[in-house]
Amino acid sequence: MDILTVENVTAGYGKEPIIHDVTFGIPKGGIFGIIGPNGAGKTTLFKTISKVLKPWKGVIRYVGNDIAKISHKAYAAKVAVIPQFRTAPPPFTVEEFVSMGRYPHGGRLTRFTPEDRRIVEENIRRLKLEHFRSKRMDNLSGGEMQRVFLAQGLAQSPELILMDEPTSHLDITHKIRILDVISRLSRETGLTALIVLHDLNLASAYCDFLVMMKHGRIHARGSANDVLTEERILEVYETPVRIGEDPAIKKPHIFFLPQSSQK
Amino acid sequence: MRRAFVFILLVLFCAASVILALLTGGTELPAGEIIRTLLHPSSEGVTHTLIWELRIPRIFTAGIVGAALASCGVVFQAILRNPLAEPYTLGVSGGGALGATIAILLGISGLPMAAICFAGCCLSIAIVLGAASLKRFTDSTLILSGVIMSFIFSSAVMFIFSVASSREVHASILWLMGSLSAPPQGSIPMLLATLPIMAVLLLSAKDLNLLSLGDESSYHLGLNAKKAKGLLLLTASLITGVCVAVSGIIAFIGLVIPHLARRLTGADHRYLLPSSMLAGAGFLILSDSISQVLIRPLELPVGVITGLVGGVFFVLYLLKARPAEVV
């Protein structure tokens with residue numbers, strides 16, 4: 001059974017819808033990638049799933065329940081969201097910031113339990129933030145900050161984690177480290193991840209399922225081998241590429257063709 | 001560890017301010033007599049009246065108003081996510097000023113004046129928050145509408161000034177500067193009533209942490225940001241309204257103390273709120289003592305002292321802090 005289903009969802013801002021009649025299901029476990037060119041509606045779709053934007057039409061179900069009827073707190077106890085853009089965080093320390101991930105599991109008056117403490121500690125270690133714990137958020141680099149955001153999301157003990165372009169402005173060390181953490185958790189604990197990705201090679205390497213969007217609709221879906229073909233990328237991105245197979249991981253790899261080489 | 005130490009220091013600061021405020025005042029009294037009066041609450045005489053009926057209620061008023069303005073400043077800065085926000089940002093003080101000026105013009109004083117002033121505060125809260133809830137305001141629209149409301153109210157005050165007698169204008173201006181010298185009758189129960197409301201703020205510390213990250217992050221972490229913001233803005237505005245009705249528009253505490261406290265105990269509201277309350281209470285009690293003795297036998301409005309001390313202190317702090325620390 002799918003952990004999350006999007007059924008005939010149309011949504012947008014203002015008057016014009018950005019995504020039209022989108023339907024798909026996210027199977028439990030594994031990494032589910034959403035790819036597509038800028039303006040394809042990936043972030044709009046992401047916002048409807050993360051309960052920030054209400055769908056105009058259609059319904060989104062989490063394990064069968066309409067998410068519009070789930071409280072924000074109950075949803076946050078199951079689903080963590082790592083958005084693409086954030087405003088500069090106030091000067092919390094890293095440890096304070098990660099601890100806020102326990103919010104959906106606590107009452108107004110309850111103090112931090114040993115269990116909360118253990119989970120926060122576990123995720124600080126998982127993202128190698130031990131030496132940063134007392135550092136202030138506004139003194140971190142972009143890569144360090146993204147690791148803290150992920151640690152906070154994982155401290156929610158989610159069953160499903162939603163990430164919008166989690167790696168787009170990071171160096172390769174951080175890109176790989178962040179996706180490796182998700183990939184290991186998905187294998188070891190059955191965490192399901194939905195990741196919006198720009199980098200097609202990263203999508204190919206890490207995602208078990210892919211959905212490719214164009215003009216607010218789903219254009220293709222399936223495994224990386226099914227979705228990432230030369231014809232389809234030309235059609236969706238209007239850019240010719242060559243595709244080979246990565247010999248190590250047996251996944252498609254996209255080679256770019258600079259105009260000067262196309263003569 | 002460090003935090004515990006800071007809290008002990010803040011409590012000592014408050015205690016020292018209270019002792020200083022008991023020992024000094026508009027009238028000079030021998031210290032021995034003050035202590036004797038304190039130890040014998042049932043005695044009689046001038047000293048007894050001065051201590052038990054003037055100084056102690058005044059210290060109490062200064063403490064609560066200081067704590068309230070500082071903690072409301074914390075709330076406004078967190079929710080509006082703006083380091084320049086303070087309790088008066090949404091125009092509460094403008095409404096209060098108009099109410100008080102009208103009361104002075106009509107020759108009303110004491111509790112009825114406080115009531116009219118509080119009604120003015122509520123009017124501006126109702127207009128700003130009402131508009132915000134109807135039109136889904138962003139933080140900056142909210143701030144802008146507060147600023148505009150303040151302008152409208154101050155124009156109305158100017159209009160009243162232009163038709164009022166100079167004596168009334170003088171009384172209004174003194175009131176506008178903020179003073180603890182003549183809190184209206186019944187202000188003690190009003191202040192006592194704010195204590196449970198201030199407890200609501202303390203209980204919302206975790207929510208404020210999330211709100212300070214922005215609306216979307218609050219939703220993602222499980223807080224209904226719109227509801228929580230509405231409730232907290234209303235609560236903080238009402239508390240501010242009571243302070244304005246009791247003691248006029250005391251400047252700067254709600255802006256400066258939160259920044260200072262953030263520096264001492266960090267951005268986590270579970271510590272920031274209580275540390276701001278302590279610092280605000282101690283600071284206002286101290287400022288009030290200074291305002292009474294500086295040009296004795298005359299008394300300065302305490303707002304002059306808080307504005308001066310707070311302003312100078314803040315400039316020094318901004319010059320000393322590294323840019324990244326000014327938040």
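## Report on a two-chain predicted model

Chain B contains 14 helices and zero strands. Read from the N terminus, the elements of chain B follow the order α-α-α-α-α-α-α-α-α-α-α-α-α-α. The radius of gyration of chain B is close to the value that the globule rule gives for 327 residues, so chain B is as compact as a globular protein of that length. Chain A, by contrast in its elements, has nine helices and 12 strands. For chain A, too, the radius of gyration is close to the globule rule, here for 263 residues, so this chain is as compact as a globular protein of that length.

The table sets out the values for each chain.

| Property | Chain A | Chain B |
|---|---|---|
| Radius of gyration | 19 Å | 20 Å |
| C-alpha extent along the principal axes | roughly 65 × 40 × 35 Å | about 65 × 55 × 40 Å |
| Buried residues | 42% of 263 residues | 49% of 327 residues |
| Among contacts between residues at least 6 apart in sequence, those joining residues at least 24 apart | 67% | 76% |

### The six-stranded sheet of chain A

Six strands of chain A form an open sheet in the order β6-β7-β8-β3-β9-β10, and the pairing is mixed. At the edges stand β6 (79-82) and β10 of chain A, each with a single partner strand, so one side of each is left without a neighbour in the sheet. From one strand to the next, the twist averages 15 degrees.

Strand β3 (residues 30-35) of chain A runs parallel to strand β8 (residues 192-196) of chain A, and five bridges join them. One of the residue pairs here is A:G30 with its bridge partner A:T192 in β8(A). Helix α1 (residues 42-49) of chain A packs on this sheet and touches β3, β7 (160-164), β8 and β9 of chain A. The direction of α1(A) makes about 150 degrees with that of β7(A).

β3(A) is also joined to β9(A) by four bridges, and these two strands run parallel. In β9(A), A:L210 stands opposite A:G33. Strand β9 (residues 209-214) of chain A is largely enclosed by the rest of the structure, because five of its six residues are buried.

β9(A) runs antiparallel to strand β10 (residues 217-222) of chain A, with five bridges between them. A:M213 has A:I218 in β10(A) as its bridge partner. The two strands, β9(A) and β10(A), form a hairpin with two residues between them. In the turn, A:H215 has a positive phi of about 50 degrees.

### The four-stranded sheet of chain A

An open sheet with antiparallel pairing is made of four strands of chain A in the order β2-β1-β4-β5. Its edge strands are β2 (17-27) and β5 (65-66) of chain A, each of which pairs on one side only. Strand β1 (residues 2-12) of chain A pairs with β2(A) in the antiparallel sense over seven bridges. In β2(A), A:V22 is the bridge partner of A:V9. α1(A) packs on this sheet as well, where it touches β1, β2 and β4 (57-62) of chain A. Here the direction of α1(A) makes about 120 degrees with that of β1(A).

### Contact between the chains

The contact between the chains takes 25 residues from chain A and 20 residues from chain B. On the side of chain B that touches chain A, α9 (205-211) and α10 (215-220) of chain B each supply at least two residues. α10(B) gives the most to this side, with four residues. The residues on this side of chain B comprise nine nonpolar, eight polar and three charged.

Conventions:
Residues are numbered from 1 along each chain as its sequence is written. Chains are lettered from A and ligands numbered from 1 in the order in which they are written. This is a predicted model: local features need pLDDT of at least 70, side-chain atom pairs count only at pLDDT 80 or more; totals for chains, interfaces and linings use all residues. Two residues are in contact if their C-beta atoms, placed from the backbone, lie within 7 Å. Ala, Val, Leu, Ile, Met, Phe, Trp, Tyr, Cys and Pro count as nonpolar, Asp, Glu, Lys and Arg as charged, and the others, Gly among them, as polar. A residue is buried if 20 or more other C-beta atoms lie within 10 Å of its own, exposed if 12 or fewer, and partly exposed in between; C-beta atoms are placed from the backbone. Two strands pair if DSSP finds at least two bridges between them. The radius of gyration is taken over C-alpha atoms; the globule rule is 2.2 Å times the number of residues to the power 0.38. Axes are lines fitted to C-alpha atoms, for helices over the stretch in contact, and angles run from 0 to 180 degrees between N-to-C directions.
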